[in-house]
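Please look over the sequence and the model shown below before reading on. The report then takes the parts of the structure in turn.

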Amino acid sequence: MDIKRVKVGVVGCGIISHVYLRNMTRLFRILDVVAVCDLNAELAQQAAKEYGVPHIMTLDEMAQSPEIELVVNLTGADAHYAIIKKMLLAGKHVYTEKTMTSRLEQAKELVQIANDKHLYLGVAPDTVLGASIQTARWAIDHGLIGDVTSCIVSINRDQNLNAERFRFLRNEGGALPYDVGIYYIQSLLTLLGPVSEVTGFGAPAPQRRRQFLFNENDPDTWQIPGNNLVAGSLRFQQGALGMLHFDGNTIGAECSTFRIYGTAGILELGDPNRFGDPVRLLKPESEPCYLPLTHGYNGTCVLDDATDFEKGYGNRGIGVAELAWAIRGGRPNRLSKEMGFHALEVLCGLDKAAETGDVYRMTSTFTCAPLTPGIYSTMWMGGARADAELSLVD
Ligand SMILES: NC(=O)c1ccc[n+]([C@@H]2O[C@H](COP(=O)([O-])OP(=O)(O)OC[C@H]3O[C@@H](n4cnc5c(N)ncnc54)[C@H](O)[C@@H]3O)[C@@H](O)[C@H]2O)c1
């Protein structure tokens with residue numbers, strides 16, 4: 001296939017950038033990473049050297065570069081608005097780590113700028129394009145559980161403890177619903193479509209007294225902003241009802257719960273922060289069974305030198321590649337600005353409902369097409385790369 005690769009600039013060379021850079025430089029042939037940028041020049045230099053990226057740029061240089069078409073924003077949520085706005089105004093398509101911003105008004109402005117300038121704006125998490133969620137979508141679309149009636153998702157972490165290690169968690173967007181709950185919300189949106197109403201209760205994180213010495217300059221105390229615990233309810237446009245439980249004020253032993261109930265069966269999913277967790281089907285009058293994965297990108301790392309951390313983060317970058325194929329094909333990207341905005345509106349709507357005691361009525365909507373099934377990412381028992389990128393083309 002004769003393709004013109006999309007030239008990419010990456011902003012943010014922190015922890016998550018490694019798996020992105022490794023995959024973007026070696027796994028997806030549509031992408032051509034030509035520049036990296038970080039406020040910390042040393043990190044940018046290391047990334048350029050490790051992944052063979054030819055240029056190190058400042059934000060201004062990246063915005064002005066005639067070569068770069070797509071900017072991938074891998075900074076913490078509190079930095080997203082300014083970076084995305086700058087790059088859109090400079091005429092760049094943008095793909096951003098989650099969440100688009102942590103404030104709805106800012107997100108609205110970014111969507112407007114992208115619309116006005118006819119630019120793509122894609123939003124993580126891209127695990128929803130992985131094999132697990134796409135298989136569950138296939139099962140639902142093909143009637144395996146009948147009409148969906150309801151769903152329940154739950155995740156817990158000690159977000160306060162995690163904020164010792166991951167400093168961006170101490171800022172806006174670092175509370176558990178925004179940082180981790182978003183994987184569950186974006187997955188539900190991929191499976192069941194848009195939400196019409198949300199309501200719920202919330203509680204803040206406690207003040208944290210520093211326990212560790214990861215960084216001498218860390219403050220002695222801090223408090224993660226916003227609701228770090230949310231118990232919420234959703235009504236989807238298609239009629240299903242949902243329950244959400246995101247508790248960042250408990251211990252770190254994660255108990256991920258993800259179930260979709262239908263008139264003819266139940267689907268049990270694994271952790272939506274991963275690409276290939278099993279999808280279990282429960283039907284009346286038979287033993288539960290695991291569905292064979294209908295799609296590629298099951299999280300298996302086919303690049304030989306990834307660290308264990310990177311392997312755990314599997315196929316990250318698939319959302320960037322899907323967006324790049326959308327640019328070349330002139331079609332909408334799946335993890336669209338409308339979907340990212342809708343996911344953020346669910347989170348902000350929950351906060352609003354918790355504050356007022358009212359039901360929040362959603363103002364936005366979106367569509368997200370499934371990926372083409374039957375095209376896999378590994379072959380020969382997972383030991384080699386197959387051609388799953390073909391599933392991202394259309
Ligand atoms: N760490 C994870 O496990 C993980 C997993 C999934 C998603 N994410 C998401 O990825 C994003 C980044 O996470 P991380 O853990 O890599 O954070 P990090 O703090 O390790 O890295 C962020 C980098 O962005 C740089 N940066 C910030 N503002 C900048 C600016 N204006 N210009 C240039 N560089 C700037 C910082 O210097 C830093 O090196 C977050 O949105 C997070 O939610 C992280």
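## The model and its domains

This is a predicted model, in which local features need pLDDT of at least 70 and side-chain atom pairs count only at pLDDT 80 or more, while totals for chains, interfaces and linings use all residues. Residues are numbered from 1 along each chain as its sequence is written.

The chain is divided into domain 1 (6-126 + 317-388) and domain 2 (128-297), with bounds that come from an automatic or database domain assignment. The C-alpha centres of the two domains lie 20 Å apart, and 38 residues of domain 1 are in contact with 35 residues of domain 2, where contact means that the C-beta atoms of two residues, placed from the backbone, lie within 7 Å. On the side of domain 1 that touches domain 2, α11 gives the most, with 10 residues. Helices (H or I, at least four residues) and strands (E, at least two) are DSSP runs, numbered from the N terminus.

## The shell around the ligand

Both domain 1 and domain 2 give residues to the shell around the ligand, so the ligand lies between them. Of the 24 residues around the ligand, Gly12, Gly14, Ile15, Ile16 and Glu97 come nearest; a residue is near a molecule if its C-beta atom, placed from the backbone, lies within 6 Å of it. The largest share of this shell, 3 residues, comes from helix α4 (residues 77-89).

By class, the shell has 14 nonpolar, 6 polar and 4 charged residues. Here Ala, Val, Leu, Ile, Met, Phe, Trp, Tyr, Cys and Pro count as nonpolar, Asp, Glu, Lys and Arg as charged, and the others, Gly among them, as polar.

## An enclosed helix

Helix α6 (residues 131-141) is largely enclosed by the rest of the structure, because 9 of its 11 residues are buried, a residue being buried if 20 or more other C-beta atoms, placed from the backbone, lie within 10 Å of its own. These buried residues, including Ile133 and Arg137, pack against β7 (148-156), α8 (176-192), β13 (257-262), β14 (265-269) and β15 (279-282).

## Paired strands

Two strands pair if DSSP finds at least two bridges between them. Strand β12 (residues 241-247) is joined to β7 by 7 bridges, and these two run parallel; Asp247 in β12 is the bridge partner of Asn156. Strand β11 (residues 227-236) is also joined to β12 by 7 bridges, but this pair runs antiparallel.

Terms used. Buried ≥ 20, exposed ≤ 12 C-beta atoms within 10 Å, placed from the backbone.
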